[in-house]
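Dear colleague,

I am handing over the structure below, and I would be glad if you kept it open while you read what was found in it.

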Amino acid sequence: MSNWIEIGRVSDIPRRGARCVNTPTGKIAIFRTAEDRIYAIENRCAHKGGPLSEGIVHGASVTCPLHNWVFDLESGQALGADEGQVKTFPVDVVDGRIFMAPDFMMEAAE
Amino acid sequence: MKQKLVVIGAGMASGRLLEHLFEDDPDAFDVTLFGAEPRGNYNRIMLSPVLAGEKTYEEIVTHDAAWYAGNGVHTRFGETITAIDRKSKVVLSRGGETPYDKLIIATGSAPFIIPIAGKELPGVMAFRDLDDVEAMVAAAGKPRAKAVVIGGGLLGLEAAAALRLRGMEVVVLHLMGHLMERQLDPAAGYLLQKELEGRGIKIHTKAQTKAILGHERVEAVALDDGTVYPADIVVMAVGIRPETRVATDAGLHVERGIVVSDQMVTSDPDILAVGECVEHERTVYGLVAPLYDMAKVAAKTLVKHDAAFRPVQTATQLKVTGVSLYSAGDFAEAEGREEIVLRDASSGVYKRLVLKDDKIVGAVLYGETGDGPWFFDMLRRGTDTRELRDTLIFGQAYQGGAQLDPMAAVAALPDEAEICGCNGVCKSKITSTITSKGLTTLDGVRAHTKASASCGTCTGLVEKLMVLTLGDSYNPAAIQPMCGCTDLGHDEVRRLIVAKELKSIPAVMQELEWKTSCGCAKCRPALNYYLVADWPGEYEDDGQSRFINERVHANIQKDGTYSVVPRMWGGMTNPRELRAIADVADKFHIPAVKVTGGQRIDLLGVKKEDLPGVWADLNAAGMVSGAAYAKGLRTVKTCVGSDWCRFGTQDSTGLGVRIEKFMWGAWTPAKVKMAVSGCPRNCAEATCKDVGVICVDSGYEIHFAGAAGLDIKGTEVLCHAKTEDEALEIIAALVQLYREQGRYLERIYKWAKRVGTDSIKANVVDDLEKRRHYFERFTYSQKFAQVDPWEERVNGKDAHEFEALAEFGMPVAAE
């Protein structure tokens, strides 16, 4: 945990919203739910690459703004009739600060 | 020779520790107790009832001087420890040095005072000890005294309710969007707010306190949004921080609290710490149950018995008389978790259980908390709830016996059971009327019995009675529910929002018994629109419930870039605007510029982070958002009309500009496109628009309900207007009627087909009074709608939307 990287504060992200972390290999969307759960997933919809960080957040899921695919934020799995998977990243929150493991930068995109 | 035990702090944790110690081995230690307060130990969590006048100080004392004396404890009340000398193993106070073999630090916590101007004025206080309570009681003695409580958590609300009970005028300022956000979800927070407001407490959420004002003593509190609340006292209840000074000075390992092992031993093996000053596995505790556990473990450690502190789940209850609220465990949503929600709007009940692998992991109960301990017990034991699943939420009383099927439950109701509370209709009245009148429809039952004809919340019950009475011959009207979160259709929801004066999304979800805790991407934007349309000036728009285009005021494109379309009133522009558009395209390397079908210019491929810069330059040239992304007024296309055209009969451009200037900014159920043509040759293509005007010699022919998208449909003629003023009034009234009746995402032609052209004409053409009425409602609503969203964002609104949370360059070395 000691070498995890701080990426921002919980309060920097609106409730039921998301913001991005830009890395050399792509964007990671950091979500905050109505109940202050924090999740990190790849900011690319498995369907047509839509920016998931721009979607409407409900419960622990997000609806893609392009074609309404819904993803579970914890598992990255598409919900409902659609089949697909987006990459998820481990996050930790300590004292309102959000941390990610440093290898996220290498993994953000294939 | 007995070992010497010194205890710093005479609070609840140390009191409990001594009890356990004397039970385990009464002769092990010679105990000296230091306490900063000049009195013994009392039950701090019962201060609220003392403040409310429901209990006296004497009733909440747990360990008085006699108890300590009886157990041979040397008490040094009112004496503060200034330092610990670990080398010589003594503590220092004004009474000199006191030696110890073992030392307990139980200094508890100090209230957090937010660092703002005026915080040291007399009249500003915390809510932590009996002195604070006495100061508050004294202030409440003055007639019409005013209190401002900063902090809408457990402690702040208990203080607020108690002060209100003592007759003060009370305002609660809370930084977050709903009360007690750490213990409650938004739905329960809403119910609590409603209850407290009903008692005359003003609640101001999202309140950022700027300063406390006053000369000699506190006079008022000012917020960032400009609000000023007069105050005789200000109670700060925003949180606590562990009181660790004496441990830090002594060089012990301290993070947020004094770091302890599972045995409650600090980094010095002869010093233990318990209570709110402690940090265990990176957690600090503020509720009493874990503090008592710590006390027990520390006592065992002192007498060299094995014991280890393990964090346990705790439940929270608010101690405000008449408010039933219970929360336990973790109630956030996450993968693999399911929720069971029960809402009963008429009795103000909200219950939510969160399950994982068929086990309860969290519970929030409001209004009816009798089953809290039962749920909490299952939560702690990890009981498998599969067998109980269907009726779990109904509580313990429903368990055992036959499985409860909702139909059977209705069938089992006695004949005199009240079904419709609004109209006082009982079960037998409904069933007998169905039979005697031969009723087969819900409307028929409503007409003959009035059941479910008012607020409508008992509709489900009435329908079940119809099924029971009529059997399969009754097919409940196939109302398409808004989404999976509710059984109600759009029309019912809209009707109930107005009838029950619901003015927030949590209010709608609670009162209309939503089945999910925070809705979905289908219902949230719809509810947000309905509330915007129905409560202008009162409802605060919820950006997070809007589709991305309406949240960032630009159109998302397939590659995640945006397009930007400035308004060109009636399609008119000029060299200055065109130059500004060209300059913006150059400056921000905008890859595509296109003329739209609505007579304006589209800048395509703008990067999200560039949007505020693009808007600032367009604003500087006098242009505002064209709302090309909005479920709202889009464009008013025009032809050049009598200004230039040899066939023009009226000033169609002028009327188009006038309509657009009057109506821009209005939100509607779906997009609204308009056009004004100067003669029946119709160059502006007004006869396939949502609303169109064809100018003729005698005035203006008003058309509506056209379509030229998925469906192609020519308009219908609404009426003829003699003057521009009359045309404008009719068009605004028509759009307002649509705003009030349309279902979210339903275009005007679909709405018109559903409600019938005749009913629309009756409201905005035939009945002048009604027309005027709709026109005025539209005009009123525009007062709040005509704000350029681009300018707001150029000035910093929602800045988080346009900036990355963090940027990282290439990593230097991989691990």
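Buried area is the accessible area, taken with a 1.4 Å probe, that two parts lose on being put together, summed over both. This is a predicted model, in which local features need pLDDT of at least 70 and side-chain atom pairs count only at pLDDT 80 or more, while totals for chains, interfaces and linings use all residues. Residues are numbered from 1 along each chain as its sequence is written, chains are lettered from A and ligands numbered from 1 in the order in which they are written, and side-chain values use heavy atoms, with hydrogens and water left out.

Between chain B and chain A about 3,600 Å² is buried, and carbon and sulfur atoms give 57% of this area. Of the area that chain B buries against chain A, B:Glu335, B:Leu805 and B:Phe808 supply 22%, more than any other three residues. In terms of contact (heavy atoms within 4.5 Å), 45 residues of chain B meet 45 residues of chain A.

The two chains, B and A, are also joined by 4 salt bridges, each being a side-chain nitrogen of Lys or Arg within 4 Å of a carboxyl oxygen of Asp or Glu. One salt bridge links the side chains of B:Asp542 and A:Arg16, at 2.8 Å from N to O. The side of chain B that touches chain A is made up of 19 nonpolar, 8 polar and 18 charged residues, where Ala, Val, Leu, Ile, Met, Phe, Trp, Tyr, Cys and Pro count as nonpolar, Asp, Glu, Lys and Arg as charged, and the others, Gly among them, as polar.
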